[in-house]
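This report goes through a few local features of one protein chain. Look over the sequence and the structure before reading on.

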Amino acid sequence: MLKTNTQSPMLPSSAVAHQNPSSAKKHLLPKKHPDLLQPVRQWLDAIEVNDRQLARFLSKVIPAQCPFERDIKLFGYLVVHIPPLCKLNPLYDQFVGLRFRALCYLVDQCGEDIQSYA
(Lines give C-alpha, C1' and ligand atoms only; values in the text may rest on other atoms or scores of the structure.)
Protein backbone atom coordinates (compact mmCIF):
# COMPACT_ATOMS: atom_id res chain seq x y z
CA MET A 1 0.00 0.00 0.00
CA LEU A 2 1.17 3.55 -0.77
CA LYS A 3 1.55 5.95 2.13
CA THR A 4 1.01 9.66 1.49
CA ASN A 5 2.11 12.71 3.40
CA THR A 6 -0.75 14.04 5.53
CA GLN A 7 0.90 17.34 6.40
CA SER A 8 -0.47 20.49 4.82
CA PRO A 9 1.80 22.19 2.28
CA MET A 10 1.81 25.51 4.16
CA LEU A 11 4.98 27.57 4.31
CA PRO A 12 6.10 28.98 7.63
CA SER A 13 5.16 32.61 8.11
CA SER A 14 8.83 33.64 8.11
CA ALA A 15 9.31 32.18 4.60
CA VAL A 16 6.25 34.01 3.28
CA ALA A 17 7.41 37.33 4.73
CA HIS A 18 10.76 37.13 2.91
CA GLN A 19 9.31 36.18 -0.47
CA ASN A 20 9.38 38.95 -3.09
CA PRO A 21 5.83 39.42 -4.51
CA SER A 22 7.05 41.02 -7.75
CA SER A 23 9.20 38.00 -8.59
CA ALA A 24 6.18 35.73 -8.20
CA LYS A 25 4.16 37.87 -10.64
CA LYS A 26 6.87 37.74 -13.30
CA HIS A 27 6.35 34.03 -13.74
CA LEU A 28 2.57 34.37 -14.08
CA LEU A 29 2.56 37.07 -16.77
CA PRO A 30 2.68 35.85 -20.37
CA LYS A 31 5.69 36.79 -22.44
CA LYS A 32 5.07 39.66 -24.81
CA HIS A 33 5.13 38.53 -28.44
CA PRO A 34 6.10 40.90 -31.24
CA ASP A 35 3.21 42.29 -33.26
CA LEU A 36 3.81 40.85 -36.72
CA LEU A 37 1.11 43.01 -38.31
CA GLN A 38 2.53 46.32 -37.06
CA PRO A 39 4.46 47.07 -40.31
CA VAL A 40 1.29 46.43 -42.33
CA ARG A 41 -0.72 48.68 -40.00
CA GLN A 42 1.84 51.46 -40.38
CA TRP A 43 1.86 51.05 -44.17
CA LEU A 44 -1.95 51.25 -44.38
CA ASP A 45 -2.01 54.29 -42.09
CA ALA A 46 0.64 56.03 -44.21
CA ILE A 47 -1.25 55.69 -47.52
CA GLU A 48 -2.24 59.12 -48.80
CA VAL A 49 -5.16 59.32 -51.19
CA ASN A 50 -4.26 61.79 -53.96
CA ASP A 51 -6.07 60.26 -56.92
CA ARG A 52 -9.78 60.42 -57.73
CA GLN A 53 -9.92 56.92 -59.22
CA LEU A 54 -8.11 55.40 -56.24
CA ALA A 55 -10.42 57.23 -53.83
CA ARG A 56 -13.52 55.97 -55.66
CA PHE A 57 -12.13 52.42 -55.76
CA LEU A 58 -11.35 52.39 -52.02
CA SER A 59 -14.73 53.87 -51.15
CA LYS A 60 -16.51 51.15 -53.12
CA VAL A 61 -14.36 48.19 -52.05
CA ILE A 62 -14.11 48.87 -48.30
CA PRO A 63 -17.55 48.42 -46.67
CA ALA A 64 -19.12 51.33 -44.83
CA GLN A 65 -19.92 49.20 -41.81
CA CYS A 66 -18.98 45.86 -40.36
CA PRO A 67 -20.45 43.00 -42.42
CA PHE A 68 -23.41 41.59 -40.57
CA GLU A 69 -23.50 38.40 -38.60
CA ARG A 70 -25.65 35.47 -39.69
CA ASP A 71 -27.28 32.43 -38.25
CA ILE A 72 -27.55 29.53 -40.67
CA LYS A 73 -30.49 27.31 -39.78
CA LEU A 74 -31.52 23.96 -41.16
CA PHE A 75 -35.04 22.70 -40.40
CA GLY A 76 -35.37 25.33 -37.68
CA TYR A 77 -32.15 24.31 -35.90
CA LEU A 78 -29.12 26.54 -35.65
CA VAL A 79 -26.32 24.91 -37.63
CA VAL A 80 -23.68 27.66 -37.76
CA HIS A 81 -23.33 31.13 -36.28
CA ILE A 82 -21.07 33.45 -38.27
CA PRO A 83 -19.82 36.34 -36.08
CA PRO A 84 -19.43 39.88 -37.40
CA LEU A 85 -16.43 39.76 -39.71
CA CYS A 86 -14.85 42.94 -38.36
CA LYS A 87 -14.06 41.07 -35.15
CA LEU A 88 -12.02 38.59 -37.17
CA ASN A 89 -10.01 41.13 -39.17
CA PRO A 90 -7.06 42.53 -37.20
CA LEU A 91 -6.62 45.33 -39.78
CA TYR A 92 -10.25 46.49 -39.71
CA ASP A 93 -9.48 49.87 -38.08
CA GLN A 94 -6.80 50.66 -40.67
CA PHE A 95 -9.17 49.84 -43.56
CA VAL A 96 -11.92 52.01 -42.09
CA GLY A 97 -9.42 54.86 -41.69
CA LEU A 98 -8.27 54.44 -45.29
CA ARG A 99 -11.89 54.55 -46.51
CA PHE A 100 -12.49 57.68 -44.45
CA ARG A 101 -9.44 59.39 -45.96
CA ALA A 102 -10.64 58.44 -49.46
CA LEU A 103 -14.11 59.87 -48.79
CA CYS A 104 -12.60 63.06 -47.34
CA TYR A 105 -10.47 63.43 -50.47
CA LEU A 106 -13.51 63.04 -52.70
CA VAL A 107 -15.44 65.68 -50.77
CA ASP A 108 -12.69 68.20 -50.02
CA GLN A 109 -10.54 68.04 -53.15
CA CYS A 110 -12.92 66.78 -55.83
CA GLY A 111 -16.18 68.30 -54.57
CA GLU A 112 -18.09 65.05 -55.11
CA ASP A 113 -21.28 64.00 -53.39
CA ILE A 114 -20.49 60.83 -51.42
CA GLN A 115 -24.03 59.77 -50.52
CA SER A 116 -23.85 56.97 -53.06
CA TYR A 117 -20.93 55.40 -51.12
CA ALA A 118 -22.87 55.11 -47.85
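Predicted model: local features only at pLDDT ≥ 70, side-chain atom pairs only at ≥ 80, totals over all residues.

## The strand hairpin

In strand 2, Leu 78 is the bridge partner of Lys 73. Strand 1 covers residues 70–74 and strand 2 covers residues 77–82. The two strands run antiparallel and are joined by 5 bridges.

Between strand 1 and strand 2 there are 2 residues. Phe 75 lies in this turn and has a positive phi of about 55°.

## The nonpolar core

The largest nonpolar core contains 13 residues. Among those with the most contacts inside this core are Val 49, Ala 55, Leu 58, Leu 98 and Tyr 105. Helix 4 (52–61) and helix 5 (92–108) each supply at least two residues of the core. Helix 5 gives the most, with 5 residues. In soluble globular proteins, nonpolar side chains tend to be buried together.

Leu 106 is also one of the core residues with the most contacts inside the core. Leaving aside residues up to four places away in sequence, Leu 106 touches Arg 52, Ala 55, Arg 56, Ser 59, Gly 111, Glu 112, Ile 114 and Tyr 117.

## A buried glutamate

Glu 112 is in the segment after helix 5. Is Glu 112 buried or exposed? Its relative accessible area is 18%, and the cut-off for buried is under 20%, so Glu 112 counts as buried.

The side chain of Glu 112 makes a polar contact of 2.7 Å with the side chain of Arg 56. With residues up to four places away in sequence not counted, Glu 112 touches Arg 52, Arg 56, Leu 106, Val 107 and Tyr 117.

Key. Residues numbered from 1 in each chain as written. Heavy atoms only, no water. Core = buried A, V, L, I, M, F, W, Y, C linked by side-chain atoms within 4.5 Å. Buried < 20%, exposed > 50% of the residue type's maximum accessible area, 1.4 Å probe, protein only. Helix = DSSP H or I, 4+ residues; strand = E, 2+ residues; numbered from the N terminus. Contact = heavy atoms within 4.5 Å. Pairing = 2+ DSSP bridges. Polar contact = N/O pair within 3.5 Å; in protein donor to acceptor, adjacent residues only side chain to side chain.
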